[in-house]
Amino acid sequence: MTADLSQLVKAYDVRGVVPDQWGESLAELFGAAFVQVTGATAIVTGHDMRPSSPGLSRAFARGAAARGVDVTEIGLCSTDQLYYASGAFDLPGAMFTASHNPAQYNGIKMCRAGAAPVGQDTGLVEIRQLVESWVDSGAPSSDATPGTITQRDTLEDYAAHLRGLVDLTSIRPLKVVVDAGNGMGGHTVPTVFAGLPLDLVSMYFELDGTFPNHEANPLDPKNIVDLQKRVREEGADLGIAFDGDADRCFVVDEQGDPVAPSAITALVASRELARHGGKGTIIHNLITSWSVPEVVRENGGTPVRTRVGHSFIKAEMAKSGAIFGGEHSAHYYFKDFWNADTGMLAALHVLAALGGQEGPLSALVAQYDRYAASGEINSTVDDQTARLAAIKTAYEGQEGVTLDELDGLTITAADWWFNVRPSNTEPLLRLNAEARDEKTMTKVRDEVLEIIRG
């Protein structure tokens, strides 16, 4: 009987509870399946600070090496540091992390050479099917001479690459509070920021995969309370929070107020367009603010709207030759970083923009934050399809209202829009609404929630 790993292998990665859902024996099979599907002759692996990560990562390396593949282990790293290694070495890669999930979880983010994504449409289904077929019997034996497993430190090279993409040498001195959430930002920030005109106040830089201070998920407001308080106490110019694997960054201004990821997307887009002579394509997912495509057009660029999810963004960036892409979830993608997402590079752009002028961050980002937004609101429902159909029926045919189903259901009017999309893994509907003023946004948000939860 073939095993069913559908609860472990998600749309973009592998993620589950250790040891309940998976462990080192499965990790070894994933290593073998990964090299078979990618056709790799050599790969690179890395891992975060979770207690189970080193063992899972080494098991994956064993599975790959047994099939004749040479493995370069870069050890403790952020996810974007693994993407750096995949790009710089031109090798497929595997990062062991569960990002912002609680301590008992772990997972694998896989990529092809050059940090190209491995998702449900780009090899992950085939990897899952192979592992499922091998669970009982083990991976078939290989005639290949076993590959080598060697270690290499890439932190300095990764930091130098990022600093080569954003010039911070001439900015005014800035005081910045960084909350690493006991995640991999505590490993990467000191090296990346070294020698820059920054007065760094560090919070929770001790690597601890049990997350003793708060979850390493800065999109949840309760997890940035400590950062907000510290920014105000220190009189800092800004605060930056990283998630567990430090591929996302979240920014708060000098008053401790959160800066919307859409505003960061617009700010970085304007800088990247300026760097490319006012020309270029910018990718944004369909629930980023109206501000993003507006700013892109104002700065001479071409905005392209995509579905939510890194595999869709990366695929569209490769197809269109886009120079930058951003998501509402604080993922930022750069052509100069192999189309991969790196929160650290986005953070450097924010520091460069702020330090290149005299005003506070709140004033700088005001021009990029033009509308009232609900944020993402999750509702548990019995029947996702029926609730979406009810919303469609309620708004379809209204004068001045358009509808599209690129990803879930998006309804747009002259002064507002909202999107409702189903979760792939839970019985949830996710609502995002935006309007030209707070009163209109609140009205639209509440009307839609009444249908969803009715």
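Aspartate 90 is placed in the loop that runs between α3 (79-89) and β4. In this predicted model, the phi angle of aspartate 90 is near 55 degrees, which is a positive value in a residue other than glycine. Such values deserve a remark, because most residues other than glycine have a negative phi. With a relative accessible area of 53%, aspartate 90 is exposed, because the cut-off for that class is over 50%.

Alanine 115 also has a positive phi, of about 60 degrees, although it is not a glycine. Alanine 115 is found in the loop between β5 and β6 (116-117), and its relative accessible area of 0% falls under the 20% limit, so that this residue is classed as buried. Proline 19 belongs to the loop between β1 and α1. As a point of reference, most peptide bonds are trans.

The strand β1, which covers residues 14-17, contains arginine 15. The relative accessible area of arginine 15 is 14%, and this residue is therefore counted as buried, the limit being under 20%. The side chain of arginine 15 makes a polar contact of 2.8 Å with the side chain of asparagine 101. When residues up to four places away in sequence are left aside, arginine 15 touches Gln7, Leu8, Lys10, Ala98, Ser99, His100, Asn101, Asn106, Gly107 and Lys109.

One of these neighbours, serine 99, lies in the loop between β4 (93-96) and β5 (105-112). Serine 99 has a relative accessibility of 4% and so counts as buried. The side chain of serine 99 is joined to that of aspartate 243 by a polar contact of 3.3 Å. Beyond the residues up to four places away in sequence, serine 99 touches Arg15, Arg50, Lys109, Asp243, Gly244 and Asp245.

Aspartate 153 is located in the loop between β7 (149-151) and α5, and it is exposed, with a relative accessible area of 61%. A polar atom of the side chain of aspartate 153 lies 3.1 Å from the backbone nitrogen of leucine 155. Although aspartate 153 and glycine 75 are separated by 78 residues in sequence, their C-alpha atoms are 7.6 Å apart in space.

The packing of helices can be considered next. Two packed helices are described by the angle between their axes and the distance between the axes. Helix α5 (residues 155-163) packs with helix α6 (residues 185-193) at an angle of about 55 degrees, and the two axes are 9 Å apart. This angle makes α5 oblique to α6. The crossing of α5 and α6 is right-handed, and the residues that make the contact are Leu155, Glu156, Tyr158, Ala159, Leu162 and Arg163 of α5 together with His187, Thr188, Thr191 and Val192 of α6.

Helix α5 also meets helix α11 (residues 343-355), where the axes come within 10 Å and cross at roughly 40 degrees. The crossing of α5 and α11 is right-handed, and the contact is made by Tyr158, Leu162 and Arg163 of α5 and by Met344, Leu345 and Leu348 of α11.

In helix α4 (residues 124-134), the buried residues are Leu124, Ile127, Leu130, Val131, Glu132 and Trp134. These buried residues of α4 pack against α1 (24-38) and β5.

In an unreviewed entry, UniProt lists residues 7-132, 156-256 and 263-371 under "domain: Alpha-D-phosphohexomutase alpha/beta/alpha". In residues 7-132, the end C-alpha atoms lie 12 Å apart, and the span is 38% helix and 25% strand. In residues 263-371, the end C-alpha atoms lie 10 Å apart, with 47% of the span in helix and 17% in strand. The unreviewed UniProt entry also lists residues 376-450 as "domain: Alpha-D-phosphohexomutase C-terminal". The end C-alpha atoms of residues 376-450 are 16 Å apart, and this span is 33% helix and 35% strand.

Definitions and conventions. Residues are numbered from 1 along each chain as its sequence is written. This is a predicted model: local features need pLDDT of at least 70, side-chain atom pairs count only at pLDDT 80 or more; totals for chains, interfaces and linings use all residues. Side-chain values use heavy atoms; hydrogens and water are left out. Helices (H or I, at least four residues) and strands (E, at least two) are DSSP runs, numbered from the N terminus. Buried means under 20% relative accessible area, exposed over 50%, partly exposed in between (1.4 Å probe, protein chains only). A polar contact is a pair of N or O atoms within 3.5 Å; within protein, one must be able to donate a hydrogen and the other to accept it, and residues adjacent in sequence count only if both atoms are side-chain atoms. Contact means heavy atoms within 4.5 Å. UniProt positions are given in the numbering used here, feature names are shortened, and annotations may be inferred rather than shown by experiment. Axes are lines fitted to C-alpha atoms, for helices over the stretch in contact, and angles run from 0 to 180 degrees between N-to-C directions. Angles under 35 degrees count as roughly parallel, over 145 as roughly antiparallel, 65 to 115 as roughly perpendicular and the rest as oblique. A crossing is left-handed if the near helix is turned anticlockwise from the far one by less than a right angle, and right-handed if clockwise.
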